[in-house]
Amino acid sequence: MHNFNSGPSILPREVFQQASEAILDYNNSGLSILEIGHRTPAFEAILHEAQSLVKELMQLDEAKKVLLLHGGASTQFFQVPMNLLNENATAAYLDCGTWGTKAIKEAKLFGHVDVVASSKDRNYSYIPKGYPIPGDAAYFHYTTNNTIEGTQMHAVPETNVPLVADMSSDILSAAMDFNRFALIYAGAQKNIGAAGVNLVVLDESVLGKVQRPLPSMMDYREHIKNGSMLNTPPVFAIFVCMLTLRWLKSKGGIAGIETLNRKKAALVYDTLDAISLFHTPVAKEDRSLMNVVFRVDDPALEKEFQQICRENNMYGFTGHRSVGGFRLSLYNALPYESVVAITDLMSAFAKKKG
Ligand SMILES: *Cc1c(COP(=O)(O)O)cnc(C)c1O
């Protein structure tokens, strides 16, 4: 199978292999990874390795805190403003897709939100540029890669206010100065591992400024104080995440995977650009390297090509239910061969249809 699913998504074969073995017998201990205590040396070693691999791969400053939390990226939509935004203060948000819209809705529960720019006017098919970010904003929030709409921000915005980013669908896929962000979050199920855990990288200096009382499980300071073990962490999801990070390191880290990711995206976009039957609504300069969206104008032909994909062992290639069409997710673990296989089908289909 060629798995283009948008999330949960493909992981390296060797990660599946190692995770399976650990379910039956972790490290020749006679016990499954699923039945050992989380406060054991064995699990603590897994957690610490995952955290230090994140630091190493992202080249983070020593002071950055790395947390692995429950609740997915959607919990961060409200946990961020709960911890960072006072009731009378304002946070700046960029509205450039479905996920960003959800983050804005949640932030409004805690304080004022200034939507500094939006690409809603053209169905989120581009990334707004040249907008001002008020200097007194508590923080500026944006989504680095719009998983559903297929756009990606290719530069970090210039601003003096703390930067907060949802990197769920492009984290660890390309080099970036991660140290410029006050807070980064990402659900694991796209580029880091299995569903059930959420990576949060943050600066302690932005915490402790809100007046509202925080439930312990929602308070980043409590998680930091307890070394990301405030309660039972998602043990298995963290283990899979650690294995995936090890795999990424063995592939030359972010620099190594970025080269491959660029090659995969170039092949798909070059194929799309060469065939008039297919078209992508996304502005050229904002095209995502991770999620490629496109359509076939004639609905009958669209159905026909979907059928051809199915017959040729392609999986997870349809667009999000809100937008339709096609979406190919090219996450880190997707092999180049899968991209060759589907682009060959696209070219052959176009030739057949003249
Ligand atoms: C998938 C996704 C989410 C939602 O993640 P959950 O873990 O399901 O909450 C949020 N933001 C982006 C950019 C995503 O791609």
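User: In this predicted model, how far does a polar side-chain atom of lysine 190 lie from an oxygen atom of the ligand?
Analyst: The model is a prediction, and lysine 190 is listed among the closest residues of the ligand shell, together with Ser74, Thr147, Asp166 and Gln189. A polar contact requires a pair of N or O atoms within 3.5 Å. The distance from a polar side-chain atom of lysine 190 to an oxygen atom of the ligand is 2.7 Å.

User: Which helix gives the most residues to the shell around the ligand?
Analyst: The shell consists of 13 residues. By class, these residues are 3 nonpolar, 8 polar and 2 charged. The element that gives the most, with 4 residues from the run 72-84, is helix α3.

User: What is the geometry of the aromatic pair formed by phenylalanine 278 and phenylalanine 305?
Analyst: This pair belongs to a total of 14 aromatic pairs in the structure. Its ring centres are 5.3 Å apart and its planes stand at 65 degrees. Plane angles over 60 degrees are assigned to one class, and the pair is therefore edge-to-face.

User: How many residues apart in sequence are the parts that the pair of phenylalanine 278 and phenylalanine 305 ties together?
Analyst: Phenylalanine 278 is buried, at 2% relative accessibility, and phenylalanine 305 is buried as well, at 1%. Phenylalanine 278 belongs to strand β11 (residues 278-279) and phenylalanine 305 to helix α8 (residues 299-311), so the separation of the parts in sequence is 27 residues.

User: Which helix holds the partner, phenylalanine 349, that pairs with phenylalanine 305 of helix α8?
Analyst: Phenylalanine 305 and phenylalanine 349 form a tilted pair, with 5.0 Å between centres and 40 degrees between planes. Phenylalanine 349 is buried, at a relative accessible area of 2%. The pair ties together parts that are 44 residues apart in sequence, because phenylalanine 305 lies in helix α8 and phenylalanine 349 in helix α9.

User: Which residues do ring pairs link into a cluster?
Analyst: Phenylalanine 305 pairs with phenylalanine 278 and also with phenylalanine 349. The cluster linked by ring pairs comprises Phe278, Phe294, Phe305, Phe317, Phe326 and Phe349.

User: Over the face of which residue does lysine 263 lie?
Analyst: Arginine 122 lies over the face of tyrosine 126, at 4.2 Å from the ring centre. For lysine 263, the distance to the ring centre is 4.2 Å, and the ring is that of tyrosine 336.

User: What is the omega of the cis peptide bond that joins glycine 7 and proline 8?
Analyst: Most peptide bonds are trans. Proline 8 lies in the loop between β1 (2-3) and α1 (13-24). The bond joining glycine 7 to proline 8 is cis, with an omega of about -5 degrees.

Note on methods
Residues numbered from 1 in each chain as written. Predicted model: local features only at pLDDT ≥ 70, side-chain atom pairs only at ≥ 80, totals over all residues. Heavy atoms only, no water. Near = heavy atom within 4 Å. Polar contact = N/O pair within 3.5 Å; in protein donor to acceptor, adjacent residues only side chain to side chain. Helix = DSSP H or I, 4+ residues; strand = E, 2+ residues; numbered from the N terminus. Nonpolar A, V, L, I, M, F, W, Y, C, P; charged D, E, K, R; others polar. Phe/Tyr/Trp six-rings, centres within 6.5 Å; stacked < 30°, edge-to-face > 60°. Buried < 20%, exposed > 50% of the residue type's maximum accessible area, 1.4 Å probe, protein only. Lys NZ or Arg CZ within 6 Å of the ring centre and 35° of its normal.
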